[in-house]
Amino acid sequence: MMTECDPSNLPATDFTMQQGLRRPPLGRRMRLGFVGGGRSGQVGSWHASGVRLSGHWDIVAGALSTDPKVAALSAIDWSIDGGRSYADYRAMAAAEAARPDGIEAVAICTPNWTHAAIATEFLQSGIDVILDKPMAMSVAEADQLVALQEKTGLTLALTYSFAHHAMVRQAAVMVEQGAIGRIRQAHVEFVQDWATAPFASDNRAAAWRQDSRKVGRTSAVGDIGTHAYHLLKTISGLDAEELRAEFHVCGAPKPMEDTAFVGLRLTGGVPGFLWVTQAAPGNAAGLRLRLFGEKGGLEWDQEYPEQLRYSLVGSPEQIIHRGKGNGMLPAAERLVHLPRGHGEALTDAWANLYAEVGFTIAARRAGVALPDGFVRYTGAEAGAAGVRFIEACANSNEAGGIWVPLL
């Protein structure tokens with residue numbers, strides 16, 4: 001039975017809020033495994049940096065590559081005991097579930113088309129799952145994962161890391177508290193340039209992102225459009241009810257889109273616009289959001305993640321800087337690592353993600369109900385919403401750019 005947070009009833013744990021997210025509440029770090037992320041990948045090192053910085057986890061096992069030699073070498077890199085380095089995720093799930101000191105959660109950072117199958121294997125083995133986006137290759141597959149998560153009662157968290165920046169949390173809570181009034185329009189973009197020129201023949205990551213057998217019906221939309229849509233939902237609290245999408249190739253010729261323009265009709269008829277491209281020279285990782293309401297506006301740019309621009313009608317513009325006090329709200333201060341003036345970056349957002357998910361899993365294991373809003377993460381239902389966004393964009397584009405509902 002879940003109880004209200006009362007540390008006096010839990011002498012071996014620390015669910016006190018004074019320590020924010022930094023202290024593992026079970027009095028120890030939990031055991032985490034990895035699937036993917038070894039030497040041949042890129043994203044795994046981002047995950048691992050966040051895991052270590054969070055202070056909530058020890059990485060103790062992994063199936064770090066489908067190549068046994070790479071998996072073994074990667075395990076050495078990560079100081080994983082050779083007996084807990086696996087060449088196959090199925091073997092890992094079975095072996096770890098059978099160990100008294102087995103992993104308590106697994107982080108899955110593999111290519112898109114493998115996500116659902118790997119997540120299913122570990123959930124069925126009784127192991128919590130931390131999964132890269134997109135959650136699945138189809139709405140049907142995503143719905144199956146949602147049903148499995150609900151059946152097991154385990155945590156299925158999606159790694160939308162940008163949402164765990166302190167200033168994204170600041171913006172979301174400001175909107176909830178009415179800082180800009182009712183939202184009247186929304187604009188979000190994710191702008192890159194790496195797909196402008198022809199791909200090198202040995203660029204495996206680019207190749208699979210343009211292979212519809214491996215990514216489904218979209219490329220750029222599934223890759224970065226999901227991040228843009230998630231950021232919009234996270235800060236505004238609005239969902240897309242309808243959208244119209246047009247896909248384009250604006251860089252070197254390629255089989256699938258590198259650019260998409262998406263019109264949105266958000267909750268309550270609020271108009272919005274989403275633009276993603278990987279073929280805009282001079283742009284590296286320009287994930288940017290602008291919300292305009294009846295009282296003012298908010299703007300955030302992930303290339304300058306420590307600043308939030310706040311403009312009230314008839315008042316001087318304010319720039320709120322990441323730190324403690326001076327306009328920062330308590331819910332956002334919990335995600336702050338360093339004093340103002342000492343730079344934080346995406347690794348800190350990854351750390352916040354792993355801390356918030358860690359706190360969630362620890363609370364469930366201890367039978368403690370966390371206060372509403374203390375942690376925020378993307379669960380199974382929200383992960384499935386990202387897949388619905390992808391499919392709706394593909395449906396609209398394939399029908400000539402017509403308005404379609406989100407399924």
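## Exercises on a predicted model

Pro134 sits in the loop that runs between strand E5 (128–131) and helix H5 (139–152). The model you have open is predicted, so let's work through it in steps.

**Exercise 1.** Find whether the peptide bond from Lys133 to Pro134 is cis or trans.

*Solution.* Start with the background: most peptide bonds are trans, and most residues other than glycine have a negative phi. Next, read omega for the bond from Lys133 to Pro134, which is near -10 degrees. That peptide bond is cis.

Ser79 is not a glycine, yet its phi is positive, about 60 degrees.

**Exercise 2.** Describe how helix H3 (residues 89–98) and helix H4 (residues 115–124) pack.

*Solution.* Two packed helices are described by the angle and the distance between their axes. Here the axes come within 9 Å and cross at roughly 15 degrees. Angles under 35 degrees count as roughly parallel, and H3 and H4 are therefore roughly parallel to each other. The crossing of H3 past H4 is right-handed. Now list the contacts: Tyr89, Arg90, Met92 and Ala93 of H3 meet Ala117, Ile118, Glu121 and Phe122 of H4. By class, these residues are six nonpolar, two charged and no polar.

Key
Residues numbered from 1 in each chain as written. Predicted model: local features only at pLDDT ≥ 70, side-chain atom pairs only at ≥ 80, totals over all residues. Heavy atoms only, no water. Axes fitted to C-alpha atoms, helices over the stretch in contact; angles between N-to-C directions. Helix = DSSP H or I, 4+ residues; strand = E, 2+ residues; numbered from the N terminus. Parallel < 35°, antiparallel > 145°, perpendicular 65-115°, else oblique. Left-handed = near helix turned anticlockwise from the far one by under 90°. Contact = heavy atoms within 4.5 Å. Nonpolar A, V, L, I, M, F, W, Y, C, P; charged D, E, K, R; others polar.
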